[in-house]
Amino acid sequence: MADPQTQRAALKRDPNFKWLMRGGAISVLGDQLTMIALPWLVLKLTGDTLALGLVIALMSIPRAIFILIGGALVDRYSPKRVLMLSKYANAVLLALLTLLVLNTHAAPTVALSEDLSLTIALTPQLTLNLIYALALGLGLAQAFGMPSGTSVMPLAIAPEHLQAANGVMMGMRQVSMLVGPLIAAGLLALAGNGNGAVSDARGLALAFGFDCLSFVVSAWTLSKVVLRTPVAAHAPQSVLRSVGAGLRMVWDDTPLRMCFIYWGTVSLFIGGAMQVAIPVLASELHGGSTLGIIMGAHGAGTLLGMAVAAKFGSRLRFASFGATILLIDALAGLLVAPMGAVHAVWQASLLMLSLGALAGFMQINVFTWIQRRVPPQMMGRAMSIFMFIFMGLAPLSAASTGWLLTFVSLSQMFLGGGIILIVFAACAYLFTPMRSIASTTH
């Protein structure tokens, strides 16, 4: 077996890896811009937290529901073909979103032609309805793009180089979580405030336009990739039966079942709430660049936490795997609780940096634990269920949070969320066997 340095050198010479790396880098960077720009657009257009929660739900719920169908189509057809179509769909939707923002900024009405007096008023409500429709389309496109994106790599890279390739791609994604929000903050700050209906409209349009271009460019780089392994022909199989087998596997494995139920509960009550509360906090701290700065701090913390886990992971763990999860969540609750009381960007950034470090540390440990525990032939279904927990339940929390913020203050929301997270972790430790879950199977 070749040494790691030789394998990395060979990987760098692989043309498929070069094309995937180039396309992946620009694509994930564009995604980060939209993650910042879309909630900011909704907040500046309406100032309505309920509308923000609905937009997040419309993107996330279809993605969660159809991701299982997307996985089945990837198994039946070429993942490269499915991924290519999803990229084109995303590019079209983001182009429409860019034009919508520019038109809303430019004038209150849009003439159908020079000869007709009929005009369409781009009222805030009409614009919001169009945003709802585009958010739904983006969620559906991602439902097919995510499973196909994870399936292309094994077919394009030699098996002995997969571990190194996946490591590089994961590191690149985490770097984008740091760089992308900072670029979004710069676009909003440099473009300035628009004079039309939406503040920071030019910066928002630049962010959406860059993401649109990123999908076009990454589709071109994907076309250069030549699959080394032919896609095997699969006989038609019931998607529901395949999903049912995965659910039974998770349910029959007691530690896996306990962790998935716990993560699902936390996601339902806390995960989606933070998706809404953080942009609202940035809005109250003033300035379109604030959201990008604090999310960039979270990305930096995540990268730091992953680096620490990769280097010192097992040596830093002084308790069982299950107890470590609960301890990390309790610490996260202590950091979330005071978030609504901050009055400066640096205070919010420091808290988000710390939360990101905890999340990054546990992300490496959780994925490693699942990969060691689940049989290889069930890995895809197990991971799809794991992703469904966060993509399906968190949006419900996001939608309800937007409604709840019409009755309670933001500081009460953060304080309550932190207390709930601490209580959940304490109850799981005291009243369930989760604290005794080991990091390895025997």
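With a relative accessibility of 3%, serine 267 counts as buried in this predicted model; the cut-off for that class is under 20% relative accessible area. Serine 267 is placed in helix H9. Leaving aside residues up to four places away in sequence, the contacts of serine 267 are with Gly272, Ile389, Phe390, Leu393, Ala394 and Ser397.

The chain that holds this residue has 442 residues, of which 48% are buried. Its secondary structure consists of 14 helices and two strands. Of the contacts in the chain between residues at least 6 apart in sequence, 84% link residues at least 24 apart. The accessible surface of the chain amounts to about 20800 Å², and carbon and sulfur atoms account for 68% of that area.

Helix H9, which spans residues 254-284, packs with helix H11, residues 321-336, at an angle of about 15°, and the two axes are 13 Å apart. Because angles under 35 degrees count as roughly parallel, H9 is classed as roughly parallel to H11. The crossing in which H9 passes H11 is left-handed. On the H9 side, the contact is made by Cys259, Tyr262, Trp263 and Met274, and these residues meet Phe321, Ile325, Leu326, Asp329 and Val336 of H11. By class, the residues of this contact comprise eight nonpolar and one charged, with no polar residue.

H11 also packs with H14, here at an angle of about 160° and with the axes 7 Å apart. Because angles over 145 degrees count as roughly antiparallel, H11 is assigned as roughly antiparallel to H14. H11 passes H14 in a crossing that is likewise left-handed. From H11, the residues in contact are Ala323, Leu326, Asp329, Ala330, Ala332, Gly333, Leu334 and Val336; their partners in H14 are Phe414, Gly417, Gly418, Leu421, Ile422, Ala425, Ala428 and Tyr429. This contact divides into 12 nonpolar, three polar and one charged residue. Leu326, Asp329 and Val336 of H11 take part in the contact with H9 and also in the contact with H14.

Within H14, which covers residues 410-431, lies glycine 417. Glycine 417 has a relative accessible area of 8% and is therefore buried. When residues up to four places away in sequence are not counted, glycine 417 touches Ile270 and Val336.

The handedness of the crossing of H2 and H7 is left-handed. The contact between H2 and H7 contains 17 nonpolar, seven polar and two charged residues.

Notes. Residues are numbered from 1 along each chain as its sequence is written. This is a predicted model: local features need pLDDT of at least 70, side-chain atom pairs count only at pLDDT 80 or more; totals for chains, interfaces and linings use all residues. Side-chain values use heavy atoms; hydrogens and water are left out. Axes are lines fitted to C-alpha atoms, for helices over the stretch in contact, and angles run from 0 to 180 degrees between N-to-C directions. Helices (H or I, at least four residues) and strands (E, at least two) are DSSP runs, numbered from the N terminus. Angles under 35 degrees count as roughly parallel, over 145 as roughly antiparallel, 65 to 115 as roughly perpendicular and the rest as oblique. A crossing is left-handed if the near helix is turned anticlockwise from the far one by less than a right angle, and right-handed if clockwise. Contact means heavy atoms within 4.5 Å. Ala, Val, Leu, Ile, Met, Phe, Trp, Tyr, Cys and Pro count as nonpolar, Asp, Glu, Lys and Arg as charged, and the others, Gly among them, as polar. Buried means under 20% relative accessible area, exposed over 50%, partly exposed in between (1.4 Å probe, protein chains only). Accessible areas come from the Shrake-Rupley method with a 1.4 Å probe; for residues, only the protein chains shown count as cover.
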